[in-house]
Amino acid sequence: EKGYETGEHAPGLKLGGCGAYKAAHHIIKTHAKVWHSYNNTWRSEQQGMVGISLTSGWGEPVDPHSQTDRDAAERYIQFHLGWFANPIYKGDYPEVMKNYVGRKSAQQGLGTSRLPTFSVQEKTYIKGTSDFLGIGHFTTRYVLQKSFPFLQVSSYHTDRDLAELVDPKWPAPGPKWLYSVPWGFRRLLNFIKTQYGNPLIYVTENGVSEKVQCTQLCDEWRIEYLKGYINEILKALNDGVNVKGYTAWSLLDKFEWNKGFSERFGFYHIDFKNKNKPRYPKASADYYKKIISANGFPNSRQVMT
């Protein structure tokens, strides 16, 4: 969406309302081809696994008693995660995506939907092409219904007919889009369990950057973020969600999309101005070291012995 719709990221194309859908369509078909290639050629010898990693926030209805808000929150997830996961696990785009993009395309006078279609053969070929699901997750939004008139320039965002809100009480330690809402992660993981037949899940990205450079390396907010989110994964495990592994984002400060080196997600602070790029552990590095050595939240007395 940022690469082919808004042009914010490389390759910087502004193909409003259709570019992101086309790019995603090719990604999904290419992913399936790679999975089948491995399945036919290497799996019997290597016994490996091929999956896909998808990043998604969680959408919570503003009013859980309002059917329109619940529907809007469902659309939020389907237009994020379902866009890619539904074809891979069920063979086609989510019905709500097909309905909304199709209807808005017709209102614009287009003969076909801006959302591409899979042939019957492609649906069969794509369905089931994931041995595990990688999940990147960072934050949550409250969602409510908001209609966009079809006269506006078409875009992925206006196709969904929803608005996103945040709770001002949510901690916002990092960039303006990243609020710490741990409970959203458990709900997202349970959604995956029920929607896609409880697939094997690896958490491939989860973490927070810093608003201001933390020269003292005492990033307590990152420790609180990790504690909250990892705890919600533990709750999801107790719910029966099949989470197999967790990867924090990230080990080192590094190049972050169009933010360059200014957005720091790392456990280790990198001095980018020094030609040797020295690394310094932040407080979160020590905290995370204790978690991984105990494979969970350590008992403070056990850590000391």
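## Helix H4, end to end

Helix H4 covers residues 95–107, and at 1.5 Å a residue its 13 residues should span 18 Å, which agrees with the 18 Å between its end C-alpha atoms. The expected span here is 1.5 Å times one less than the number of residues. Helices (H or I, at least four residues) and strands (E, at least two) are DSSP runs, numbered from the N terminus.

A word on the model: it is predicted, so local features need pLDDT of at least 70 and side-chain atom pairs count only at pLDDT 80 or more, while totals for chains, interfaces and linings use all residues. Residues are numbered from 1 along each chain as its sequence is written, and side-chain values use heavy atoms, with hydrogens and water left out.

Which residues of H4 are buried? They are Val 96, Met 97, Tyr 100, Val 101, Lys 104 and Ser 105. Seen down the axis of H4, these buried residues fall within an arc of 150°, so they line one face of the helix; the arc is that of the directions from the helix axis to the C-beta atoms. The face turned away from that buried side carries the exposed residues Glu 95 and Ala 106. Buried means under 20% relative accessible area, exposed over 50% and partly exposed in between (1.4 Å probe, protein chains only).

The cover over the buried residues of H4 includes helix H1 (19–41), helix H3 (67–90) and helix H6 (156–159). Just after H4, Gly 109 takes a positive phi of about 85°.

## Where H3 meets H4

H3 and H4 pack at an angle of about 105°, with their axes 9 Å apart. Axes are lines fitted to C-alpha atoms, for helices over the stretch in contact, and angles run from 0 to 180 degrees between N-to-C directions. The two helices, H3 and H4, are therefore roughly perpendicular to each other (65 to 115 degrees; under 35 is roughly parallel, over 145 roughly antiparallel and the rest oblique).

On the H3 side, Arg 75, Gln 78, Phe 79 and Trp 83 meet Val 96, Met 97, Tyr 100 and Val 101 in H4. Contact means heavy atoms within 4.5 Å.

## The sheet and its helices

Three strands form an open sheet of mixed pairing, in the order E2-E4-E5. Its edge strands, E2 (58–61) and E5 (162–165), each pair on one side only. Two strands pair if DSSP finds at least two bridges between them. Four bridges join E2 to the parallel strand E4 (residues 140–145), and Glu 60 stands opposite Tyr 142 in E4.

H3 also lies across E2, E4 and E5, running at about 130° to E4. Helix H7 (residues 183–195) packs on the sheet too, touching E2 and E4, and its direction makes about 100° with that of E2.
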